[in-house]
Amino acid sequence: MQVLLSAEQLSNCINDLAVQLNKSHSNLNNVVFVGIQQGGVLLANRITAVLQKLNSTQKVHNGQLDITFYRDDIRKEILTPDTMNLPFDIENKTVVLIDDVLFTGRTIKAALDVLLDYGRPAKVELCVLIDRKEHRQFPIQADYVAKTIQTNRTEKVKLIKEEVVLITQ
Amino acid sequence: MQLSTRHLLGIKNLTKEDISLILSTAEQFKEVLQRPVKKVPSLRDVTIVNLFYESSTRTRFSFELAEKRLSADVINFSTSGSSVSKGETLLDTVNNILSMKVNMVVLRHSASGAPHFLANHIPAAIINAGDGINEHPTQALLDAFTIKEKLGNLNGVKVAIIGDIMHSRVSMSNIYLLTKMGAKVTVCGPPTLIPKYIREAFGVEVNYNLKETLDWCDVANVLRIQLERQDQVLFSSLREYNLAYGVSKNLLDSLKKEIIVMHPGPVNRGVELDSDVMDSKQSVILQQVENGVAVRMAVLYLLSNRTN
């Protein structure tokens with residue numbers, strides 16, 4: 001197991017992402033932030049906390065999205081679902097999907113399917129901490145990326161508590 | 001986490017972990033049912049047959065809705081208007097249906113053990129939707145889900161099951177489930193409708209006095225008097241039954257605390273439950289029906305990868 005981002009580096013990345021998001025969304029009333037279970041939720045909680053500090057007058061909306069029922073590999077294994085919580089209307093809003101790692105793009109495709117069952121957002125953006133660009137299987141790109149890394153297909157990249165680690169099998 | 005079983009034949013052969021897994025998965029499906037689009041694509045490659053050899057309204061609609069909200073393909077079968085009236089056996093009927101590439105079978109049958117028999121002879125996943133006087137597992141699961149939703153947990157909750165215990169598959173499944181999950185159960189009803197050794201066999205208390213039982217419990221699960229399964233006179237009249245064991249509003253108001261009233265339906269109004277109790281805010285009968293869809297979605301979802 002190799003540490004890709006230490007706790008301190010992770011904090012810096014989160015701050016950078018929050019600053020970028022803040023710059024490109026002047027009116028946060030029409031924006032909702034949605035973390036994808038489970039790593040994306042941890043990340044979204046931290047990013048929205050920074051955003052809230054930067055914008056004390058506006059409420060930053062933060063929700064959690066679970067893709068278990070929408071997975072395209074559901075017949076391989078039945079997984080236990082995580083909590084889904086979107087305590088706001090997404091109709092005509094800008095939705096910023098937040099995930100820890102962008103890999104094949106299949107999770108994001110499923111997350112878009114989930115979102116559309118809740119309404120019709122005006123725009124959907126994607127914010128990720130780590131981009132494993134060369135392994136994409138779907139035509140999906142992130143709008144905000146903290147770090148792009150080169151990995152092998154079989155390796156795993158995970159946000160665990162305060163660090164991002166690379167696991168080689 | 002996975003269920004320890006390929007079929008849902010009864011609560012009897014489920015583990016405590018299985019029950020917890022079904023109930024927690026059902027919570028997520030309940031959220032799905034609040035969305036603008038109340039449907040997920042999980043079972044879009046699965047075909048399910050609902051085989052109802054016995055009449056049903058709630059259970060059949062509830063299963064069908066659960067299947068459709070999981071995007072499964074559904075075929076419905078009831079004995080009237082089918083080849084069963086021409087003498088086809090259960091196994092032949094099911095094998096013919098399975099040859100049309102059906103993955104899961106939801107079966108209701110008047111013979112106790114019919115789903116267990118099918119499970120031994122066919123490759124599809126079997127879900128028991130009520131077999132004779134044996135079990136009705138999804139009813140017990142949705143009852144437990146409703147109690148948990150109202151009271152927070154099952155462990156230590158005092159549940160009274162009132163009425164026709166003898167002929168009730170709902171009571172059997174409820175007793176198995178509640179005792180496994182640490183709830184305390186008392187059965188109450190006329191001695192002729194309570195099996196003699198139920199205390200020794202199932203670890204439940206017996207009380208023939210309705211008022212005492214209601215004073216003790218947090219939840220009263222009132223059962224239907226099943227006239228269709230009684231082939232001898234077990235109480236003198238419905239009116240007398242109502243006087244001794246009918247739950248009335250006056251009786252509820254005289255208790256020390258506010259209890260929750262449940263009923264698996266269909267209700268004989270004015271026999272086991274008075275109309276004003278059914279329509280009172282202590283009654284959660286319609287919530288039970290609503291939760292039934294989420295619980296059945298959880299069961300179908302969790303068994304759906306065990307179909308080959």
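Where is the place of His7(B)? I found His7(B) in the segment before α1 of chain B.

**Entry 1: conventions.** I note that this is a predicted model, in which local features need pLDDT of at least 70, side-chain atom pairs count only at pLDDT 80 or more, and totals for chains, interfaces and linings use all residues. Residues are numbered from 1 along each chain as its sequence is written, while chains are lettered from A and ligands numbered from 1 in the order in which they are written.

**Entry 2: confidence.** I looked up the scores and found ipTM 0.87 and pTM 0.93 for the model. For chain B the average pLDDT (the predictor's confidence in each residue, from 0 to 100) is 93, and 98% of the residues score at least 70.

**Entry 3: His7(B).** I then listed its contacts (C-beta atoms, placed from the backbone, within 7 Å). Leaving aside neighbours within four places in sequence, His7(B) touches Ala119(B), Ala125(B), Ile126(B) and Ile127(B). Between His7(B) and Ile126(B) I read 119 residues in sequence and 5.0 Å in space, C-alpha to C-alpha.

**Entry 4: helix α5 of chain B.** I turned to α5(B), residues 137-151; helices are DSSP runs of H or I with at least four residues, strands are runs of E with at least two, and both are numbered from the N terminus. Its 15 residues should span 21 Å at 1.5 Å a residue, and the end C-alpha atoms are 21 Å apart, which agrees; the expected span is 1.5 Å times one less than the number of residues. Twelve of the 15 residues are buried, so α5(B) is largely enclosed by the rest of the structure. The elements covering the buried residues include α1, β4 and α12 of chain B. Just after the helix, Gly152(B) takes a positive phi of about 95 degrees.

**Entry 5: strands of chain A.** I followed strand β8(A), residues 163-167, which runs antiparallel to β1(A) with three bridges; two strands pair if DSSP finds at least two bridges between them. Gln2(A) stands opposite Leu166(A). β7(A) and β8(A) also run antiparallel, with five bridges, and Lys158(A) has Val165(A) as its bridge partner. In their hairpin, with two residues between the strands, I noted a positive phi near 50 degrees at Lys161(A).

**Entry 6: interface.** I recorded twelve residues of chain A in contact with 17 residues of chain B.

Terms used:
Two residues are in contact if their C-beta atoms, placed from the backbone, lie within 7 Å. A residue is buried if 20 or more other C-beta atoms lie within 10 Å of its own, exposed if 12 or fewer, and partly exposed in between; C-beta atoms are placed from the backbone.
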